[in-house]
Amino acid sequence: MSDEQRHGEEAVGRDGEGDFEEHLRELLAEDAYTIRPSPAPYPAIRRRGLVERRRRVAAAGAVLVTLAAMPVGAYALGGGGWGQTTATAATPSVSATRDTTPTPSPTPSGPGRPASKGQLLDGITFEQAAEGLEKCLAFDRSHSDPAGFDNDLGRADSYRIILAMNSTGDSNAPGDGMYVVAVQGKPAQTRLICRVSDGEAAGLNVSSGNDADTITDEGPVFVDPNNGKLYQQSVIDRGNWKLPFRWGVVGTVKPSVAKVTVSYGDSGAEAALDHGWFVASGVLNEQVTLAPHIKGYDADGKLVYDSDEDKYYQRTLP
């Protein structure tokens with residue numbers, strides 16, 4: 001190749017290279033705003049961040065579960081105040097399962113029992129007496145006071161049964177059944193006599209506050225003034241009572257009284273002493289006109305009460 005041809009090709013190469021560089025500079029100058037740096041890998045970064053966050057949350061959750069499973073701390077009374085002691089029990093495993101067995105509901109309690117079995121007479125069981133009391137309380141609730149006074153006698157479990165015995169029907173209350181006598185404690189000192197006949201409440205007598213302490217000149221024995229239905233039949237049948245006749249007498253006694261006796265017609269009994277109450281019962285086989293004769297004795301056997309001398313006690317039957 002001649003020198004002239006070689007110089008021509010070099011000139012063309014230089015000119016072509018110069019045109020390309022100039023064209024590239026023009027493109028960069030004109031379209032610089034369209035040229036952007038490579039975007040950051042945001043999806044990958046986000047995924048990595050979520051994975052790391054889940055790891056931290058899982059670790060924190062494990063710590064919380066461990067703390068919840070550990071005993072909070074035992075507290076003991078000492079030194080005149082509450083002092084915290086260190087729990088020494090081993091920490092349960094986080095994976096340990098908690099017992100989810102439901103705790104059974106407590107069985108509602110019924111009335112209290114009498115002090116002696118001899119206060120449940122004529123084959124009447126405690127369960128039967130308690131059921132009778134429930135029926136009479138329900139009967140009372142179903143017959144609300146039209147004047148709007150609150151006469152709710154309360155729940156059966158607030159009472160204690162002190163006597164249950166057969167009741168003899170008469171002209172005023174036909175049909176045999178049973179009597180249940182139940183009491184509440186102080187300060188109300190409520191006494192309830194309930195008659196159940198044919199499985200239904202047939203009569204209810206309630207006295208409240210008739211404690212010997214409410215009468216300043218009352219003796220150590222106080223005969224319930226409203227318990228006459230337990231030992232007498234209707235006045236309509238006077239002199240013609242159904243016999244044999246189961247009778248009962250109840251009242252309160254002071255702690256100084258150690259013994260109470262009751263005589264009634266051709267029958268008599270020593271009363272049971274039951275948490276400040278006396279309860280006596282017997283079977284009458286003859287017509288009577290006098291009420292039961294009641295006597296009280298102290299621990300030395302000294303007579304401390306005689307119903308014949310009690311101005312508040314009605315000694316004759318109506």
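This is a predicted model: local features need pLDDT of at least 70, side-chain atom pairs count only at pLDDT 80 or more; totals for chains, interfaces and linings use all residues.
1. S6 covers residues 200–208 and pairs with S5 in the antiparallel sense, over eight bridges.

2. Strand S4 (residues 177–183) runs antiparallel to S5, and six bridges join the two. Here Val180 is the residue opposite Cys194.

3. S5 itself deserves a look from both faces. Thr190, Leu192, Cys194 and Val196 point one way, Arg191, Ile193, Arg195 and Ser197 point the other way, and all are buried. With eight of its eight residues (190–197) buried, that is, under 20% relative accessible area, the strand is largely enclosed by the rest of the structure.

4. Now for helix H3, residues 126–142. Its 17 residues reach 24 Å from the first C-alpha to the last, close to the 24 Å expected at 1.5 Å a residue. Phe126, Ala129, Ala130, Gly132, Leu133, Cys136, Leu137 and Asp140 are buried in H3. They cover an arc of only 160 degrees around the axis, which puts them on the same side of the helix. An α-helix has 3.6 residues a turn, so residues three or four places apart point the same way.

5. Finally, what do the buried residues of H3 pack against? Their contacts are with strand S3 (160–167), S4, S5 and S6.

Methods
Residues are numbered from 1 along each chain as its sequence is written. Side-chain values use heavy atoms; hydrogens and water are left out. Buried means under 20% relative accessible area, exposed over 50%, partly exposed in between (1.4 Å probe, protein chains only). Helices (H or I, at least four residues) and strands (E, at least two) are DSSP runs, numbered from the N terminus. Two strands pair if DSSP finds at least two bridges between them. The expected span of a helix is 1.5 Å times one less than its number of residues. The arc is that of the directions from the helix axis to the C-beta atoms. Contact means heavy atoms within 4.5 Å.
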